[in-house]
Amino acid sequence: MRVSGVLHLLAFIFALVATWIFISSYISFNMKTLRLPRWLDLDSQAIPVVRTKCGLSKPCPDNFFAFKISSGAANVVGPTMCFENLVIMSPVKNNVGRGLNIALVNGTTGIVLTQKCFDMYSGDVKLLVKFLKDIPEGTLVLMASYDDPGTKMNDETRKLLSSLGSSYANQLGFRDSWVFLGAKDLKDKSPFEQFLKNNPDSNKYEGWPELLELEGCVPQKRKAWPSVAAQ
């Protein structure tokens, strides 16, 4: 009986050890043969992340300034302006307002000179006229509408905006959407401009057209502007 018991115990231990070896070998084999799909094999390939200034769809070449301008959305969300990866004006910075939002940038160095907003519904348009007349030569001018950019617009203001390169200043009216980048000494029309008329039949928001977004690369030498288009 004792010999039989020992034999049974040894047989049990042998079976247990054999089973453990088999399971270990099977798991090891499957781990070695298991292959992830190539698109999931993150260790075998590097995924390049291209970061562009102002989040542009593609980077700007050398000697170009990157910019992005978004108009306001109805009278709810204010406009945003970014230049060379610097957010100049935005609702988060709490420096935007109803009417025309304007930022001035040195056209050679890319340094921001100032930013202001002008109420074009109930404000004094003379303040805007003086501001536009005082813009230094060689200055880049970024503009974005918010809510109503046109009620207080007069002939003198339209003429000054047109002299900066705007093609739509003469049409700008009540609750229109408008984004623009021009320059004080620009001789031709700027290629950096978008305009959307307030039209009850096509407005995206009740009483307002949809917001506009303008992005592009501004050459430091503005003589090259006619051959450069906004993205």
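Cys54 is placed in the loop between α1 (2-33) and β1 (64-70), where helices (H or I, at least four residues) and strands (E, at least two) are DSSP runs numbered from the N terminus. The model is predicted, and local features need pLDDT of at least 70, side-chain atom pairs count only at pLDDT 80 or more, and totals for chains, interfaces and linings use all residues. Residues are numbered from 1 along each chain as its sequence is written, and side-chain values use heavy atoms, with hydrogens and water left out.

Although Cys54 is not a glycine, its phi is positive, at about 60°. Most residues other than glycine have a negative phi. Cys54 counts as buried because its relative accessibility is 10%; buried means under 20% relative accessible area, exposed over 50%, and partly exposed in between (1.4 Å probe, protein chains only). Asn85, which is not a glycine either, has a positive phi of about 75°. The place of Asn85 is in the loop between β2 (80-83) and β3 (86-89), and at 51% relative accessibility this residue counts as exposed.

The partner of Cys54 is Cys82, with an S to S distance of 2.1 Å. This link is left-handed, with -85° about the S-S bond. Because Cys54 lies in the loop between α1 and β1 and Cys82 in strand β2, the pair ties together parts that are 28 residues apart in sequence. Cys82 is buried, with a relative accessible area of 9%.

The other disulfide joins Cys60 to Cys217, again with S to S at 2.1 Å. The torsion about the S-S bond of Cys60 and Cys217 is about -85°, so this disulfide is left-handed. Cys60 lies in the loop between α1 and β1 and Cys217 in strand β9 (residues 213-219), so the pair ties together parts that are 157 residues apart in sequence. Cys60 is partly exposed, with a relative accessible area of 23%, whereas Cys217 counts as buried at 7% relative accessibility. With bonded cysteines counted along the chain, the disulfides follow the pattern 1-3, 2-4.

Aromatic contacts supply further links. Rings of Phe, Tyr and Trp (its six-membered ring) pair if their centres lie within 6.5 Å; planes under 30 degrees apart count as stacked, over 60 as edge-to-face and the rest as tilted. By this rule the count comes to five aromatic pairs. Among them, Phe67 and Phe192 form an edge-to-face pair, at 5.3 Å centre to centre and 85° between the planes. Phe67 lies in strand β1 and Phe192 in the loop between β7 (177-183) and β8 (193-196), so the pair ties together parts that are 125 residues apart in sequence. Both Phe67 and Phe192 are buried. The rings of Phe118 and Phe131 have centres 5.2 Å apart and planes at 55°, so this pair is tilted. Since Phe118 lies in strand β5 (residues 112-118) and Phe131 in helix α2 (residues 125-133), the pair ties together parts that are 13 residues apart in sequence. Phe118 is buried at a relative accessible area of 9%, and Phe131 is buried at 11%.

Strand β5 also has a strand partner. Six bridges join β4 (residues 99-106) to β5 in an antiparallel arrangement; two strands pair if DSSP finds at least two bridges between them. Ile102 stands opposite Lys116 in β5. β4 and β5 form a hairpin with five residues between them, and Gly110 in the turn has a positive phi of about 80°.

Notes
A disulfide is a pair of cysteine sulfur atoms within 2.5 Å.
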